[in-house]
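Subject: Structure handover and notes

Hi,

Here is the structure I promised to pass on to you. Please have it open while you read the notes below.

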Amino acid sequence: MKKYVYSFQEGTKDMKSLLGGKGANLAEMTNLGLSVPPGFTITTEACIEFYNQNKEISDELMEEIKKNVTLVEQQLGKKFADKDQPLLFSVRSGAVISMPGMMDTILNLGLNDETVVGLAKSTDNERFAYDSYRRFIQMFSDVAMGISKSRFDYVLDGKKEEKGYKEDPELTAEDLKDIIEKYKMIYLEEMKEEFPQDPMKQLYLAVKAVFSSWNNARAITYRNLNGIAHDLGTAVNVQSMVFGNMGNDSGTGVAFSRNPADGTNKIFGEFLMNAQGEDVVAGIRTPKSIDELKTVMPAIYDEFISSAKKLEQHYRDMQDIEFTIQNEKLFFLQTRNGKRTAKAAINVAVDLVEEGLITKEEAVMRIEPAQLDNILHPNFDEKELKKAVRIAKGLPASPGAASGKVYFYAEDVVAAKERGEQCILVRQETSPEDIEGMNSAEGILTARGGMTSHAAVVARGMGKCCVAGCQEIRVDEESKVLKYADKEIHEGDVISLNGSTGEVYLGDVKKVNAELTGNFKKLMGYIDEIKRLGVRTNADTPRDAKTAIDFGAEGIGLCRTEHMFFNEDRIPKVRRMILAKTAEMRQKALDELLPLQREDFIGIYEVMEQRAVTVRLLDPPLHEFLPTTKEDIQELADSMGITFDELRDVVNSLHEVNPMLGHRGCRLAVTYPEIYRMQARAIIEAALEVSSKKDYDLVPEIMVPLIGSEKELKFVKSHIVDEIEKVFAEKGKTIKYLIGTMIEIPRAAITADEIAREAEFFSFGTNDLTQMGFGFSRDDAGKFLGEYEANEILEVSPFEAIDQDGIGKLMKIAVKLGKETRPDIHLGICGEHGGEPSSVEFCHSIGLDYVSCSPYRVPIAKLAAAQAVVKSK
Ligand code: PEP
Ligand code: MG
């Protein structure tokens with residue numbers, strides 16, 4: 001028979017897939033000798049079996065659970081359901097990958113009308129016992145049975161009002177007994193049966209509720225957002241209770257072994273005396289900094305610090321630890337690798353390498369490429385910030401800068417985002433139902449909750465800017481107003497959040513680029529040591545090129561020359577070139593463009609210094625360049641010395657039904673070779689000039705777009721080479737150069753052996769290769785690809801991540817064929833996929849030499865390239 005239940009002594013941290021993250025860690029802590037309240041874990045396999053059995057718990061499983069209850073009873077010398085000294089349990093879900101969308105904790109399970117009396121006597125604290133019982137009824141009803149918590153809050157608040165109390169602790173045992181009776185009535189009304197008095201039945205229902213919560217809507221959303229498989233199932237942890245609310249020598253808290261916001265190596269956390277865990281997480285009472293524990297309970301503080309260090313050394317990572325103090329004794333309830341911001345992830349990983357705890361490879365594997373994106377993005381401009389109107393300050397829960405329109409409900413944020421708005425989600429406090437809204441928002445602002453509140457934890461995980469517990473504002477969700485001082489902000493008004501300081505500002509405050517120094521540089525150093533793939537950038541201006549170099553780009557993999565003409569000054573010249581009625585007119589336009597192009601390339605070569613630069617010759621989809629308005633046509637006609645009608649006729653004749661498959665790329669040069677001649681001349685003249693001026697050894701790489709056949713390339717290339725020879729003759733100087741091609745048409749991929757006879761390098765244009773390989777128009781596919789994803793025909797858009805099975809296969813064929821002809825052919829990719837982590841890994845695996853991507857994605861591509869090496873080992 002399969003074993004479905006493991007006591008904490010039986011597990012280890014390596015049994016995560018069976019015991020869930022929490023269960024595996026409870027077992028590991030137990031076996032490390034830390035003081036962990038005894039308990040057991042019901043496995044993820046039991047959860048899967050539960051779903052196989054039509055959501056029923058089998059008798060065999062109940063037997064195993066009972067046996068383990070007995071084991072705990074023996075360890076503690078207490079009995080479950082005992083009238084004098086009852087053993088109580090907490091019940092928690094614990095998936096393999098921690099999931100905030102799932103069932104919350106149920107505490108104090110085992111209490112009933114009789115055991116509560118025993119608990120009161122054995123602790124000599126009647127108030128504590130009845131408070132525990134009322135909490136249990138409320139949590140069990142809400143969490144396990146789905147009865148709205150507000151019904152219970154209403155009773156509790158009513159009692160406080162009746163007695164004129166401000167805080168919960170003022171409630172007396174008698175008050176609590178009365179509340180309990182009312183709570184049980186609510187249960188009866190809602191469930192049509194009495195509140196279960198049999199502790200074993202309570203346990204049975206609680207386990208069932210945890211298993212069921214695996215498939216609640218929040219959990220499913222969370223898994224979809226985070227790419228977690230739906231068939232893993234969750235484990236259930238059943239653990240004997242310790243109490244943080246047994247008086248002023250008890251307490252509870254959550255702490256990280258290092259700062260999860262910036263990675264500083266100093267314990268970071270919060271605690272509350274005389275409270276249970278839910279009080280800290282729910283953000284109802286404002287917790288104290290863990291540093292204060294030093295004064296409140298110095299010995300416990302020291303024990304906690306040394307245990308936290310021990311756990312960190314053992315797990316070799318920053319830990320997120322939950323603890324409880326019961327009558328001056330410390331207990332550990334949970335440890336796990338702490339969620340952290342990108343900044344903290346980098347700082348912790350680099351520090352751990354320097355402390356000798358992990359290797360550089362491990363450090364590199366600890367950073368999520370997508371997470372890296374956060375720190376590469378802008379922060380507020382300090383100068384602008386000084387001028388901005390600050391309206392409040394809360395807790396700096398998750399760093400970054402965000403601006404957007406205020407919305408008070410998650411669904412409104414989702415809708416606004418779909419309309420293309422940038423939004424800030426403003427809530428009293430967030431709950432797991434808000435997760436989609438949080439995901440769609442630029443930032444999150446809450447009036448309540450601490451640094452470990454739901455909003456803070458989830459936002460950090462998502463890498464979203466978040467200001468939590470902002471007590472200087474009041475949020476009236478119902479009437480959709482945010483009040484501060486004596487003023488109001490309404491839905492749709494714009495605010496800005498600084499998640500690194502907790503400050504809130506009016507309006508949209510300007511942002512600036514992140515500073516990438518210190519540990520970021522060190523991490524990039526590790527990455528450079530490990531990765532094999534080169535990482536270049538797609539840049540068309542000296543400014544973009546400079547940004548990319550600052551981010552670590554090793555060269556330019558794609559300079560799209562048509563982008564150099566997208567400005568008011570130049571467009572008329574390009575139009576005159578395209579629309580010329582005679583060869584003379586075209587040459588005149590080209591003569592005007594030549595010096596401009598040469599200056600462009602000089603600018604780029606100077607910024608790039610000796611780094612490789614691949615310039616792609618003109619590839620303008622014609623529709624992007626033709627004049628459309630009457631005024632434009634008239635103006636252009638005037639400048640060309642022809643009539644409006646004449647020019648309009650030319651424009652009409654050039655109109656294409658499908659411009660992306662039309663007269664673009666090298667096809668334009670087949671018709672008008674003088675265009676590529678001009679560009680080749682500009683490149684070579686620029687390279688000669690910069691080489692001699694700076695004493696560089698530049699090797700220009702000239703790339704021909706949209707090649708489909710060898711003969712096509714041969715024809716275009718003959719013109720390019722001829723023009724370059726002319727330049728050499730005129731200048732009396734030569735320079736080494738390369739001519740290569742993009743592989744972006746399927747025909748080119750499957751005849752790459754022939755094309756390689758003419759091409760000295762290939763660069764995969766996976767945007768077009770995907771467009772033409774799938775037959776999905778790049779400009780139109782967005783309209784229907786959503787349905788492909790929704791119906792699981794495609795996992796992600798093939799324009800985002802390379803479709804490895806199809807488009808990737810074309811690439812593999814081209815690599816193989818290209819190398820057959822030219823074994824040392826240089827291979828790269830310059831489609832948008834060059835900066836997408838799974839595609840980078842694929843490029844590594846098929847043996848490309850480099851990837852090229854937009855400047856901001858360079859560090860992500862580098863990280864993915866290094867991770868590909870480690871993974872392939
Ligand atoms: C490509 O097709 O992948 C490419 C890089 O070229 P463009 O996006 O300019 O068509
Ligand atoms: Mg292309």
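One definition before anything else: I call a residue buried when its relative accessible area is under 20%, exposed when it is over 50%, and partly exposed in between, using a 1.4 Å probe and protein chains only. This is a predicted model, in which local features need pLDDT of at least 70 and side-chain atom pairs count only at pLDDT 80 or more, while totals for chains, interfaces and linings use all residues. Residues are numbered from 1 along each chain as its sequence is written, chains are lettered from A and ligands numbered from 1 in the order in which they are written, and side-chain values use heavy atoms, with hydrogens and water left out.

**Overall picture**

Of the 873 residues in the chain, 56% count as buried. The C-alpha trace spans about 105 × 60 × 50 Å along its principal axes. The chain has 35 helices and 33 strands; these are DSSP runs numbered from the N terminus, with helices being H or I of at least four residues and strands being E of at least two.

**Ligand 1**

Which residues are closest to ligand 1? They are Arg-560, Arg-616, Gly-765, Asn-767 and Arg-778, out of 13 residues that surround the ligand. A residue is near a molecule or strand here if one of its heavy atoms lies within 4 Å of it. By class, this shell has six charged, four polar and three nonpolar residues. For those classes, Asp, Glu, Lys and Arg count as charged, Ala, Val, Leu, Ile, Met, Phe, Trp, Tyr, Cys and Pro as nonpolar, and the others, Gly among them, as polar.

Two elements, β27 (555-560) and α31 (766-774), each supply at least two residues of the shell. The largest share, three residues, comes from α31.

As for polar contacts, the term covers a pair of N or O atoms within 3.5 Å; within protein, one must be able to donate a hydrogen and the other to accept it, and residues adjacent in sequence count only if both atoms are side-chain atoms. Arg-664 has a polar side-chain atom 3.3 Å from an oxygen atom of ligand 1. For Gly-765, a polar backbone atom is 3.3 Å from an oxygen atom of the ligand. In Arg-778, a polar side-chain atom lies 2.8 Å from a ligand oxygen. The protein covers 96% of the 280 Å² of accessible area that ligand 1 has on its own, with areas from the Shrake-Rupley method and a 1.4 Å probe; for residues, only the protein chains shown count as cover.

Glu-744 is buried at 1% relative accessibility, and Asp-768 is buried at 2%.

**Cysteines**

How many disulfides are there? The count comes to zero, taking a disulfide as a pair of cysteine sulfur atoms within 2.5 Å. For Cys-559, the nearest cysteine sulfur is that of Cys-830, 11 Å away. Cys-559 is buried at a relative accessible area of 0%, and Cys-843 is buried with a value of 0%.

**Backbone and other details**

Most residues other than glycine have a negative phi. Asn-327, however, has a positive phi near 45°; it sits in the loop between β11 (319-326) and β12 (329-337) and is partly exposed at 37% relative accessibility. Ala-485 has a positive phi near 40°. Its place is the loop between β21 (481-484) and β22 (487-490), where Ala-485 is exposed at 68%.

Finally, Thr-41 belongs to strand β2 (residues 39-42) and is buried at 1% relative accessibility. Its side chain makes a polar contact of 2.9 Å with the side chain of Asn-237.

Best wishes
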